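Dear colleague,

Please find the structure below, followed by a short account of what was found in it.

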Amino acid sequence: MVAAASPAAAGAATGFVGALAALAAGTKGAVLWIRQDMAARESGEIWAPGFATLGLDPARLVLLRAPDVAAALKAAEAGLSSAAVAAVVIEPFGAIQGFDRIAGRRLALAAGRSGALGVMLRLAPQPGAPAGLSAAETRWRLSPLSSAWGAAGARAAAARTEAWAEALEGWGRPLARAELTRNRFGGVGRWPLAWGFDDGLFRLAERRLGALDPDVRRDAAAAADPRDRAAGPADRPAAAPGAGGLRRAG
Amino acid sequence: MAFAEARAVCPTLRAAPADVHEDERLLKALADWCDRYTPLVALDPPRGLLLDVSGCGALFGGEESLVEGLVEALGSHGFACRVAVADAAGPARALAWFTQGGVAPAGSSRDLVARLPVVALGLDEAQRTALLRAGLKTIGATAARGRGELAARFGAKMVATLDRTLGHDDPPVSPLRPAPRLMVERRFAEPIATVEAALAALAALADALCGRLEAAGLGLMGAEAAFFRADGRVTRVALGVGAPSRDPRLLLRLFRERLDALADPLDPGFGYDLLRLSAQTAEPLVETVRSFDEGAAARAELAELVDRLAARHGRARVVGIRAVDAHRPERQARFEPAQTGGFSEAAQAFERDDGPPRRPLRLFPAPEPIEVVAEAPDGPPARFVWRRASHSVLRAEGPERIALEWWRPGGAKPTRDYFRVEDEAGARFWIFRDGLFGREIEHPRWFLHGLFA
């Protein structure tokens, strides 16, 4: 379960989920992206050129436009049970009616059997999480992070008036602040993350001035991808089913 | 006869306004029902049906018993009908309307039609009167005149009508539904009243159909199951697959998905007396040795999943993405039904450039208007309001000028200047100014088009 902290954070949350799906899909698996009809109007349709840059091949993306939550959940279960699908993303809209504990558990079981990654992406967060979400193994909250994160504030302010070249500096790789608000396997925390679109790995974003404590960095890398892929090549095949890892369902 | 006159003869006569649309709907429903005799059923409005029963008689114990059964079955539903079978559509039509009907012996229909009065030609009042004035009372007498003579006096259209009615000219029946490539069906003497039993029968039909497909070296692309209810209602369930297939289990599984997702579930009512499974479209399918390539197996698995999802949710809802060479960003990625294979062939079509992302992850199908404070004429926005929330821009990249296709119909659209901007919270947006300031438009409007990670 990945939620956007605010409507403007929809991009950051989508990037996080897209990057996770790209990691899970590797070079072979397909990604089933299920979105409810209204979600596209509210937060925009996923757009292939952007995903291509992120490292997720649009040719391996199958999009299902579900009319309602029930259809989305049904399709997600079918997708998670299929051996060809490496990741299923569910993007519901509004209050998720009918997403009870049983539905959440079913998804978790299907994901556990096949080893596929199941993520629910909530772009327009609403107070009160559905009961089914308690089956999710981890819950993330994404908010955007300024490119100038950590840099002197004066410089950011100056960017507006200075020459173009100066202003462009810092508009770099995707950055986001990921907050782990629930974790069935360990602690929670929040980390600034950067997605390396050229090597397809998450990195702990470093402050411009001064680096973080090395311990924190290692923890953050593990939390971002507990299958310890952060250190491995992007095209490594998905972990074997049953390996104790981050398998989100819902 | 006027209504008053008719009521004088029969005082209990009641009048009801004609409902043309309801009649048409009823005729269509009847045509659907007649589908059980032949796949080629055409409407002959306003009150006729045309069935091409060539070769179908044998399945019903001869054409006589076919007609008998048809009249009896329709009669039990409360319809009075007259049926004529003839060598061609034209004569059959004339015989049905102007004689007692029945089966005309092969080769004799032309003589039978020749005896009919000229009314049977179905001409308009003026032409009919003209024919009668010329002393031509029967179709035979008319046909005996030279064609040139008739055409000179009554027009070429009348001659064409004459030829059609006599069967000289037999245009093909244009059926209500396209005839399937292959079909299998099963009739039940005693209607089956449960959905489970119907599905079991469907499984047997799927086996039979796939056997026949195999013998023909075909795989089906589209299938249709028709459930004929004893009371005349016909439910048709159609589905399509992405790649030619003749696997009965897959077919049955897809039908189950489809039936599960039906808005109004299958209702057996008094039971089904006929089930039909047809391959609407089929393509050659050569059985290949199972590939040892893992990728092929995964692709097949994915195709099956796509078929299943499409069967349940509808073909148009399961889409793949295909790159389109277009200037306008919203046209660059097109969603196409994944069953057409769009998702496997579009590979590498989107360029993946190094460096910071230049294209957003989410794109609004309709760009959202925003209010912007920007430097004229070409400056990036300094502040904008989107969905009633104000964002001040800390960094911006652009403009990236995208000229829209002026050669497209609908006239030249203004040039768009795209900016990638980041607000104080770090959220990144893709916004554009619609038109060049002062040159194309006096006060160009701004839109928000996408969201970056």
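In which helix of chain B is B:Thr165 found? B:Thr165 belongs to helix H9 (residues 156–166) of chain B, helices being DSSP runs of H or I with at least four residues, numbered from the N terminus.

The model is predicted, so local features need pLDDT of at least 70 and side-chain atom pairs count only at pLDDT 80 or more, while totals for chains, interfaces and linings use all residues. Residues are numbered from 1 along each chain as its sequence is written, chains are lettered from A and ligands numbered from 1 in the order in which they are written, and side-chain values use heavy atoms, with hydrogens and water left out.

B:Thr165 has a relative accessible area of 7% and is therefore buried (under 20%; exposed is over 50%, partly exposed in between; 1.4 Å probe, protein chains only). Beyond its neighbours within four places in sequence, the contacts of B:Thr165 include B:Gly90, B:Val113 and B:Ile139 (heavy atoms within 4.5 Å).

B:Val119 lies in the loop between helix H5 (109–114) and helix H6 (125–133) of chain B. B:Val119 counts as partly exposed because its relative accessibility is 36%.

Turning to the interface, the contact takes 63 residues from chain B and 69 residues from chain A. The rule finds three salt bridges across the interface of chain B and chain A (a side-chain nitrogen of Lys or Arg within 4 Å of a carboxyl oxygen of Asp or Glu). A:Asp37 forms a salt bridge with B:Arg317, with the closest N and O atoms 3.2 Å apart. Helix H12 (residues 294–313) of chain B supplies ten residues, the largest share of the side of chain B that touches chain A.

Yours sincerely

Methods:
Helix = DSSP H or I, 4+ residues; strand = E, 2+ residues; numbered from the N terminus.
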